[in-house]
Amino acid sequence: MTDMRTYRFGLIAISLVLILFAVSILPGQGVITFGKWRDINPTHYSENVRGPLLSVYVRNGGSGSIGAGDGWAVGGNSTNAAIAPLVARYDGFSWVMQTFPSGLYHSVNFCTNPGAPGVGLCSANGDGSDGWFVGSNTAGNLGISVYYDGVAATQISLGLANSRNLTSVFMVCHSPQFGSGCPGGISFPSGLTFAVGKNTTAGAIFQFSGNPKGGAGWTEQPVTGTTTTQYNSVYMFQDAAGNLEGFAAGNGGVVARLNGGTWTAAKINPIAKDLLGIFVDQGNPIDAWAVGRGGQIWHFTTGFWAGVPSPAPTSTDLEGIFLTSTSEGWIVGIHSTILHSTAIGSSNIWTPLNTPLYTGTGFGTDLFGVSFPSGGNGWAVGTQGIIIQTGNTNCGSIVPAPCWGGSTSIVLSPRLNSVFEVGSNDAWAGGNYSTADSSISLIHWDGVKWHRANAAPAAVSSADVMSIFMLSSGEGWALGGNPTTPEALKWNGNSWNGQPITGCGGSLPCEPTSVFMLSGGTGGDGWAVGTGGHIWRYQSGAWTTITSPTTNDLNSVFINNPGSSTGAGWAVGNGGTVIKLTITGGVPTWILNPIPVISGGQNLYGVYFKDSTHGFVVGASATVAITTDGASWSGGASQVTPNTANLRSVFIDTFGTGSGNGDGWAVGDDGSGSPPNVLFAHWDGGGWTNAPLGTPNPPIEGGLTPTGLRLRSVFLTGPQDGFAVGDPIYDQPGSATSTLAGIIHLDPLNPPTSGGGGVTTTPSTTTTPSTTSATSTVASSSMSTVSSTSLVTSSTATSTTAASSAVTSTVISTPTTTSQATIVSVSSSASTPLALPPIPGFPWESIIAGMIIGMAALAILRRRRK
């Protein structure tokens, strides 16, 4: 009896152990949810973008989530406005292109007017529910106006038949459906708005009142006094008695003033030139400023206009002005001019910001509009759709305040070659030498904007930055040079400074293309490879050349297993070159190590290891090779679609085993045209899914896929955060004149949303198909200790454009009722079936067998008991 009880208890124990073991190691039922790539410059989705953004209005400069901010930027392609009106809305997370009536838009203004206090119009702290956009039609011979009620854009033409161009608009009172929003004092009619520009013969001022959607229209106002060919800017305010007043600035130094219900115009000074911007900082007593051509600045006080010393050269036109208080203001103009004053009302001294470090742009940029929702948070717009912003504390020690940078993208260089993220609010990118600014191209991401950084003059003429590796926020390396001379720069937390690096000698090219650091500080250790097969080692504070087994260009290096005698690291290059680092007796040696599955002699551009044994090599001909033991490789050419693709960089966030359990990206171009199309390929743990960045849906401005953006480097901090950088998107197919850097961000699949006083009507929301809505139960794995902050860079590009993907990418629309977002999802989990990864040492077959045995044992026990 005792034996039988012991037998029964044994069977029960064995069964429970087997079942509990199987359950305990069963992974969560889900797949890794990865993000979607977004071109951070919305105007890249418009065809033939040669025109500028001309005006910006930001009511709330909050950031980080949809709904945290609210603003607009407008402009258009002055060459062909019918094809490309440029209207973008800021929702706190991104700038989103809007669908608007065709035209060239010069100005935007909403019924809440941030700026200097004491003006008191349109509910100074109002909600900005409704606003106006003005400009000219596609032919440039008729003024246009568009009213936006928070839901829809409606073109209002009544009363504008005699207009030829509208250059500026100022909304005084809400339209009837939102209440007047006007101050006390005299009666202000609902919907009161003023727009200025020109009619068939001279400058003109138009007034609107009533309901824009109820049949109301514009009325041209009589103006007495001096005529002007065009008014360029208007600003309305309330005087000490509560009466409505206003200024309109025009060509030839003419300013019209509304006083006592009548507009009267006069030339403010015999030497005054065309006035392009005007702003009132207080109405009691009246104090105003105007700026214009020839760098002129004018100040209205005690009833008169007087010139103010300007630091801008006479060759510079000052285009826009914004006063944040009665003592502080900003002016923007051509040649990337930004002037700042904190002495308004006292010394009236304006100080120029040094270009390009403080402005974030290059000398080739013209700025036309500026807006500040708060004193330290401003935005400016200009040529080729550029949007820059400032936050007086955002740049830290990298650039002293005030610091401006690219909210979308910045004028930088013909291409960016490398990107490295220390964290989601700390990243670096580097690229080709900026000939416009005669400076090294190094920019920093602070979580809000890309901005320039301090860099000592290069010791090498026209030095490109080919590769960046950051050890921490306070230490990093940027290597490159020119085709014959290497350059090494080190980041010390405040600036980039040149460091010793040995030249190559001989006739072979000699430029580092990739760097990998093992450690930092005074005893730092690292490796770099470059053109001509050259290899450098960093030890004892200097870079020196090391014997190389090849003369082929090397494009990428990765040290995956430091100190190993069989495979400490890898480097890849042109002609299918693969070399391996071995360490014997402390002596490093690089040897040729061909990968059998790569037999076509194609160029290899990137190598990356997730840990000491799991690695990837990518290259031309859609080549991807994978190793899981650090020695043998599988894969080869034609691993993604199309098979002409050039994969130039790879980064794996989670290796995974089995579809849905891995995460990583290889980026490049499709290699089948000129210019090429950008290409993304996603690793899901079981294979690669080709997912090129597509056009918005519905297509915007002709529906062309953005072309010209060869991606050259990718870096991730997780499945839903990362950057990819490369060539700029060209202004038009077949040309290469764009100066906006190519930067694409990996967004969350469902971007965060918030209230925060941002978009208060219908906020932009992201909708996704049900096939992509699976919630991940697999956390992003941490980087290995060997490659905790690793980078794969790339080198020269060759061929180009367009072949269709085997997997259709999902387009994510972000409507603000009249808009379509330029956010494109490449999350194609419809092609990623749910799969559970095998457990090392315990294949699923064995686990299932164990469960069956356990259940069978219980069944036998029950039968014995019967």
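1. The protein contains two helices and 59 strands. Both kinds of element are DSSP runs numbered from the N terminus, helices being H or I of at least four residues and strands being E of at least two. The model is predicted, so local features need pLDDT of at least 70 and side-chain atom pairs count only at pLDDT 80 or more, while totals for chains, interfaces and linings use all residues. Residues are numbered from 1 along each chain as its sequence is written, and side-chain values use heavy atoms, with hydrogens and water left out.

2. Of the 866 residues in the protein, 60% are buried. Buried stands for under 20% relative accessible area, exposed for over 50%, and partly exposed for values in between (1.4 Å probe, protein chains only). The protein exposes about 29100 Å², and carbon and sulfur atoms supply 54% of that area. The areas come from the Shrake-Rupley method with a 1.4 Å probe; for residues, only the protein chains shown count as cover.

3. Contacts (heavy atoms within 4.5 Å) were also counted by sequence separation. Among those between residues at least 6 apart in sequence, 58% join residues at least 24 apart.

4. The count comes to one disulfide, a disulfide being a pair of cysteine sulfur atoms within 2.5 Å. Cys504 is joined to Cys510, with an S to S distance of 1.7 Å. The link of Cys504 and Cys510 is right-handed, with 70° about the S-S bond. Cys504 is partly exposed at a relative accessible area of 22%, whereas Cys510 counts as buried at 1%.

5. An open sheet is formed by four strands in the order β35-β36-β37-β38, with antiparallel pairing. Its edge strands, each pairing on one side only, are β35 (464-472) and β38 (496-498). On average, neighbouring strands of this sheet are turned by 25° against each other, direction ignored. For such angles, axes are lines fitted to C-alpha atoms (for helices over the stretch in contact), and angles run from 0 to 180 degrees between N-to-C directions.

6. Within that sheet, β37 (residues 485-491) pairs with β38 in the antiparallel sense over three bridges. Two strands pair if DSSP finds at least two bridges between them. Lys490 stands opposite Asn497 in β38.

7. Strand β2 (residues 53-61) is mostly covered, with nine of its nine residues buried. Strands β2 and β3 (residues 69-76) run antiparallel and are joined by seven bridges. Gly61 has Gly69 in β3 as its bridge partner.
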